[in-house]
Amino acid sequence: MKRFAADDGLRLAYDDRGEGTPLLCLAGLTRNMDDFEPVVERFAERARIIRLDTRGRGGSDHDPDFMNYNLIREGRDALNLLDHLGLARAAILGTSRGGLIAMTLAAGHRDRLSGICLNDIGPMIDPKGMGYIMSYLGRRPGLADHDAAAEKLQAKMAEGFPGVSRAQWRAVSRRCWDEAEDGLALRYDPRLRNAVAEASATGAMPDLWPLFDALKGLPLALIRGANSDILSPGTAAEMRRRRPDMIYAEVADRGHVPFLDEPESVAAIAAFLERLE
């Protein structure tokens with residue numbers, strides 16, 4: 001893990017390995033670069049895999065002002081990293097919020113992007129899934145260790161993720177939380193909850209379809225969990241209608257979000273990289 005300073009001085013963590021087409025990996029709301037371990041393992045021999053811990057997550061510093069946890073600022077952080085690495089352009093693999101950051105960048109900084117691969121995210125967010133996120137956002141899980149978390153996750157997530165083994169859930173737990181003396185601890189700033197609450201205080205969701213339409217002409221891929229409660233079948237269908245050339249993969253037995261090690265996910269990412277070469 002390496003660190004660099006964003007243009008406001010905050011220190012952010014990143015990882016950079018592999019050779020070839022630069023692929024910047026941006027994680028979900030509360031997640032971090034470890035979610036892209038399967039991408040590094042599978043694709044580092046054919047692409048330069050760059051993983052960023054967005055401010056307030058993973059190994060990056062927490063922002064003194066939680067209102068800086070927003071898509072515009074986080075997009076600037078991504079551009080700051082490309083500048084730090086001397087890269088004029090990169091493709092983005094964006095999971096959930098990472099995909100929203102990518103779409104935001106396409107609207108304002110299209111010249112810095114060579115393509116976008118979205119993991120279980122689109123211009124419309126299912127309220128059911130957002131409600132579930134708010135039920136745990138900013139709160140410690142109340143579990144003793146990763147073994148306890150794996151057991152609970154396997155039981156709790158069985159409907160959306162049937163057949164996922166205890167060992168797989170333990171790997172997910174390790175990516176989500178740190179073990180501390182008093183139980184599992186968050187790997188992100190709990191004030192993310194404040195930022196999301198403030199941003200949604202009006203109760204009105206902004207229209208994000210113009211951001212999706214701004215991707216016109218860019219290589220594009222979409223991976224969707226078949227059981228997702230964030231990206232509905234209807235939204236995915238409309239995305240495909242607007243972009244019939246978009247690579248599309250639906251991952252069976254996965255909710256929000258696919259782990260990116262599934263055969264469907266691997267095939268979609270491979271096809272996406274081929275379009276960049």
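1. Asp77 is buried, with a relative accessible area of 0%, where buried stands for under 20%, exposed for over 50% and partly exposed for what lies in between, using a 1.4 Å probe and protein chains only. The model is a predicted one, in which local features need pLDDT of at least 70 and side-chain atom pairs count only at pLDDT 80 or more, while totals for chains, interfaces and linings use all residues. Residues are numbered from 1 along each chain as its sequence is written, and side-chain values use heavy atoms, with hydrogens and water left out.

2. The side chain of Asp77 meets that of Arg73 in a salt bridge, at 2.8 Å from N to O; the term denotes a side-chain nitrogen of Lys or Arg within 4 Å of a carboxyl oxygen of Asp or Glu. Arg73 is likewise buried, at 6% relative accessibility. Both residues belong to helix H2 (residues 71-85), four residues apart, or about one turn of the helix; helices (H or I, at least four residues) and strands (E, at least two) are DSSP runs numbered from the N terminus.

3. A salt bridge between Arg224 and Glu250 has its closest N and O atoms 3.0 Å apart. This pair links distant parts of the chain, since Arg224 sits in strand S9 (residues 220-225) and Glu250 in strand S10 (residues 247-251), 26 residues apart. Arg224 is buried at 2% relative accessibility, whereas Glu250 is partly exposed at 40%.

4. Salt bridges that share partners join Asp7, Asp8, Arg55, Asp63, Arg73, Arg76 and Asp77 into one network. The structure holds 28 salt bridges, including one between Arg17 and Asp15, whose closest N and O atoms are 2.8 Å apart. Here Arg17 is partly exposed, with a relative accessible area of 41%, and Asp15 is buried at 7%.

5. The count of cavities of 30 Å³ or more comes to one, a cavity being a set of points on a 1 Å grid over the protein atoms alone where a 1.4 Å probe fits but cannot get out. Grid points are joined across faces, edges and corners, and a volume is the space filled by probe spheres set on the points. The largest cavity has a volume of about 30 Å³.

6. The lining of the largest cavity consists of Ala27, Gly28, Leu29, Thr54, Arg57, Glu74, Arg97 and Ile101, lining residues being those with an atom within 4 Å of a point. These residues divide into three nonpolar, two polar and three charged, where Ala, Val, Leu, Ile, Met, Phe, Trp, Tyr, Cys and Pro count as nonpolar, Asp, Glu, Lys and Arg as charged, and the others, Gly among them, as polar.

Definitions and conventions. 1 Å grid on protein atoms, 1.4 Å probe; cavity = no way out; pocket = protein on both sides within 12 Å on 5 of 7 lines; lining within 4 Å.
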